Amino acid sequence: MKQKKSTEIRSSSEIISAIEELSVLVLVKPGDNHEAALIPTKPFLSLCYLILQVLDKIGPTMAVLRQDMHQNIKRLEMVLELNPSLNSNLVEILKTETSEGKAKKGASCSKAFVWLTRSLDFASALLQTLSRDSETKMEEAVEEAYNITLKPWHGWISSAAFRVALKLVPDTKTFTDLLKASDETYDTQTEKIKIFVSLLGPFLEGIHCVLKAYDLDKLKST
């Protein structure tokens with residue numbers, strides 16, 4: 001019983017922790033000087049880890065997405081460890097790889113950043129739908145979020161795999177219960193999610209402006 005309570009509190013803190021991480025991330029507004037923009041690498045990766053924990057609760061459907069996110073996080077972590085000072089800003093990493101002609105080739109950090117951003121797009125769209133209408137079926141919410149965020153950039157193999165896995169999503173109540181602490185009401189949980197989405201949206205908008213400035217916004221998978 002004690003272990004269950006601990007798990008529930010930890011689950012609830014994922015959204016709260018994500019809100020805290022967003023508070024230290026610099027928002028890059030459209031029209032800003034993108035070369036001078038600052039997107040702190042470490043807080044961004046911490047945010048990605050928190051979203052990864054949220055996606056874990058959806059189950060096997062997100063297995064491929066979770067694996068891709070984890071690999072991309074590790075790729076950026078390795079680069080950060082190699083030169084913590086220079087690579088503490090994700091924009092500097094984009095700038096370096098673009099100038100060297102490596103941004104769109106192989107397993108670049110730029111590509112890792114693009115796909116992590118799209119994963120955050122997916123999580124944002126999913127949580128926004130669920131917080132707007134708690135009666136929405138989980139399968140429909142996941143499919144809608146996928147269609148508007150990831151599907152346009154996926155090849156037919158990835159899209160086909162997702163359609164098969166979609167049948168394995170939990171129902172909406174099960175998912176929201178996994179995110180909710182024992183002493184938290186659904187209304188309180190919904191408000192926290194709305195706050196998170198309201199902070200994440202402008203941040204992602206800024207990132208997409210940076211990616212577009214470096215001609216990385218149209219990358220597709222095979």
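These legends go with close-up views of a predicted model.

The model is predicted, so local features need pLDDT of at least 70, side-chain atom pairs count only at pLDDT 80 or more, and totals for chains, interfaces and linings use all residues. Residues are numbered from 1 along each chain as its sequence is written, and side-chain values use heavy atoms, with hydrogens and water left out.

**View 1. The chain holds nine helices and zero strands.**
Helices (H or I, at least four residues) and strands (E, at least two) are DSSP runs, numbered from the N terminus. Read from the N terminus, the elements run α-α-α-α-α-α-α-α-α. The chain has 222 residues, and 47% of them are buried. Buried means under 20% relative accessible area, exposed means over 50%, and partly exposed lies in between (1.4 Å probe, protein chains only). Contact means heavy atoms within 4.5 Å. Take the contacts between residues at least 6 apart in sequence: 74% of them join residues at least 24 apart.

**View 2. Helix H5 spans residues 109-132.**
H5 is mostly covered, with 21 of its 24 residues buried. The expected span of a helix is 1.5 Å times one less than its number of residues. For the 24 residues of H5 that gives 34 Å, and the end C-alpha atoms are 34 Å apart, which agrees.

**View 3. H5 packs against helix H6 (residues 138-149).**
The angle is about 140 degrees, and the axes are 9 Å apart. Axes are lines fitted to C-alpha atoms, for helices over the stretch in contact, and angles run from 0 to 180 degrees between N-to-C directions. Angles under 35 degrees count as roughly parallel, over 145 as roughly antiparallel, 65 to 115 as roughly perpendicular and the rest as oblique. H5 and H6 are therefore oblique to each other. Their crossing is right-handed. A crossing is right-handed if the near helix is turned clockwise from the far one by less than a right angle, and left-handed if anticlockwise. On the H5 side, the residues in contact include Arg118, Phe122, Leu126 and Arg132. On the H6 side, they include Met138, Glu144, Tyr146 and Thr149. The residues of this contact divide into 10 nonpolar, two polar and four charged. Ala, Val, Leu, Ile, Met, Phe, Trp, Tyr, Cys and Pro count as nonpolar, Asp, Glu, Lys and Arg as charged, and the others, Gly among them, as polar.

**View 4. Thr136 sits in the loop between H5 and H6.**
Thr136 is buried, at 14% relative accessible area. Residues up to four places away in sequence are not counted here; beyond them, Thr136 touches Thr129, Leu130, Ala141 and Thr172.

**View 5. Thr172 belongs to helix H8 (residues 172-179).**
Thr172 has a relative accessible area of 11% and is buried. Leaving aside neighbours within four places in sequence, Thr172 is in contact with Leu130, Ser134, Thr136, Lys137 and Met138. Thr172 and Glu139 lie 33 residues apart in sequence, and their C-alpha atoms are 8.2 Å apart in space.

**View 6. H5 also crosses H9, at roughly 150 degrees.**
The two axes come within 9 Å. That angle makes H5 roughly antiparallel to H9. The crossing of H5 and H9 is left-handed. From H5, the contact includes Phe113, Leu120, Ser124, Leu127 and Gln128. From H9, the contact includes Thr190, Lys194, Phe196, Val197 and His208. The residues of the contact of H5 with H9 divide into 11 nonpolar, six polar and two charged.

**View 7. Val197 lies in helix H9 (residues 186-213).**
The 28 residues of H9 should span 40 Å at 1.5 Å a residue, and the end C-alpha atoms are 40 Å apart, which agrees. Buried residues of H9 include Gln189, Ile193, Val197, Gly206 and Leu211. Val197 counts as buried at 10% relative accessibility. Setting aside neighbours within four places in sequence, Val197 is in contact with Ser124, Leu127 and Gln128. Val197 and Ala18 are 179 residues apart in sequence, yet 10.0 Å apart in space, C-alpha to C-alpha.

**View 8. Asp215 is found in the segment after H9.**
Just after H9, Asp215 takes a positive phi of about 60 degrees. This is a positive value in a residue other than glycine. Asp215 is partly exposed, with a relative accessible area of 47%.
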